[in-house]
Amino acid sequence: MGHVWEFILHALNDTWPLLPWVLLIYILIELLESKANLQNANRFNGKLGPLVGAATGLVPQCGFSVMAAKLFERKYITIGTLLAIFFSTSDEAFIILLSDGAGAKWVLPTLGVKIIVSVLVGYGADVAMRLLGRNQVCVAAQTTSKSEPNTTHEIFMSRYLEERQIGDVCPCGKTHGDTVWKKYILSPLLHTLQVAIFVFLVNFVLTAIIHTVGEAAFSAFMQRNRFIQPLITCGVGLIPNCASSVVITETFLEGGITFGSFVSGLCANAGMGFVVLLKNTRKWKRNALLIVCTYAIAVVIGIIGNIIPIMA
């Protein structure tokens, strides 16, 4: 029982310093989300679609993968742009890295790898579709008027969520209320507490494992199995919940996985995007193929990353 309390205290000590920073970042995200003017989906069309999609997906908020899935279903974007957004999405990972003193140094390398991979996968998918003779006809989204939603929050609430009443819970678990209190205080606070619980649980489990088998033995085991790690992290990344990105990020920060395995898990972490696609049961073959391809490509990225010394 004494060891359990040690694990709890260790996990708490690793968790509570993150909370103020996580809360501040979530408040800033809400402010940016409300001011970022997308106007329409046209900027995701054309030759720059995968590039714009990759840059957009890097923003740590729940709406973009859902938005991408909806736009793809309505033929506003190509499959390449969809995958570019999915591969660049990282859910809570950047928030945790920024909130962790030692983890902040990994933000720029992760951003760099994610944007390169997302752009390559996006353009590669579109080229593959052309070579296969699959013509992707994108419907031009109509330009919005002043009375129509312009900001990412307005578009997300009015066009891409199926439930529109104030206070409805997004599939990501985040409440998107319209009042200032709900939007800028309550929603970030609740999301911070949710992330804190996930971080605490992951730290508790990792502390218990490391204490039981020994830190040296644990590190040696993970190093011996670094080429198997992407198979696991990418499987975790496919789980449509912010807990998956928390598990991957915290395990990386604790030294449980390599940087290559960490990035590959985040590449597979498309959030709620796949859930939106899976609702279209008539396209189950297409959806299954997208999931399999995402997993396979992400695993390959992890294996390649673990071969490169700087990432391994």
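A crossing of two helices is called right-handed if the near helix is turned clockwise from the far one by less than a right angle.

**Close-up 1. Crossing of helices H3 and H5 in the predicted model.** The crossing of H3 and H5 is right-handed, and the axes of H3, residues 49-57, and H5, residues 79-88, come within 7 Å of each other at an angle of roughly 25°. Because angles under 35 degrees count as roughly parallel, H3 and H5 are therefore described as roughly parallel to each other.

**Close-up 2. Residues in the contact between H3 and H5.** From H3, the contact is made by Gly-49, Pro-50, Gly-53, Ala-54 and Gly-57, while H5 contributes Gly-80, Thr-81, Ala-84, Ile-85 and Ser-88. Sorted by class, this contact of H3 with H5 holds four nonpolar and six polar residues, and no charged residues.

**Close-up 3. The largest pocket and the residues closest to its centre.** The space in the largest pocket amounts to about 690 Å³. The pocket is lined by 23 residues, of which Phe-72, Ile-79, Met-129, Gln-136 and Arg-286 are the closest to its centre.

**Close-up 4. Helices that supply the lining of the largest pocket.** At least two lining residues are supplied by each of H4 (63-73), H5, H7 (107-131) and H15 (284-307), and the largest share, five residues, comes from H15. By class, the lining of the largest pocket comprises 14 nonpolar, four polar and five charged residues.

Methods:
Residues numbered from 1 in each chain as written. Predicted model: local features only at pLDDT ≥ 70, side-chain atom pairs only at ≥ 80, totals over all residues. Heavy atoms only, no water. Axes fitted to C-alpha atoms, helices over the stretch in contact; angles between N-to-C directions. Helix = DSSP H or I, 4+ residues; strand = E, 2+ residues; numbered from the N terminus. Parallel < 35°, antiparallel > 145°, perpendicular 65-115°, else oblique. Contact = heavy atoms within 4.5 Å. Nonpolar A, V, L, I, M, F, W, Y, C, P; charged D, E, K, R; others polar. 1 Å grid on protein atoms, 1.4 Å probe; cavity = no way out; pocket = protein on both sides within 12 Å on 5 of 7 lines; lining within 4 Å. Points joined across faces, edges and corners; volume = space filled by probe spheres on them.
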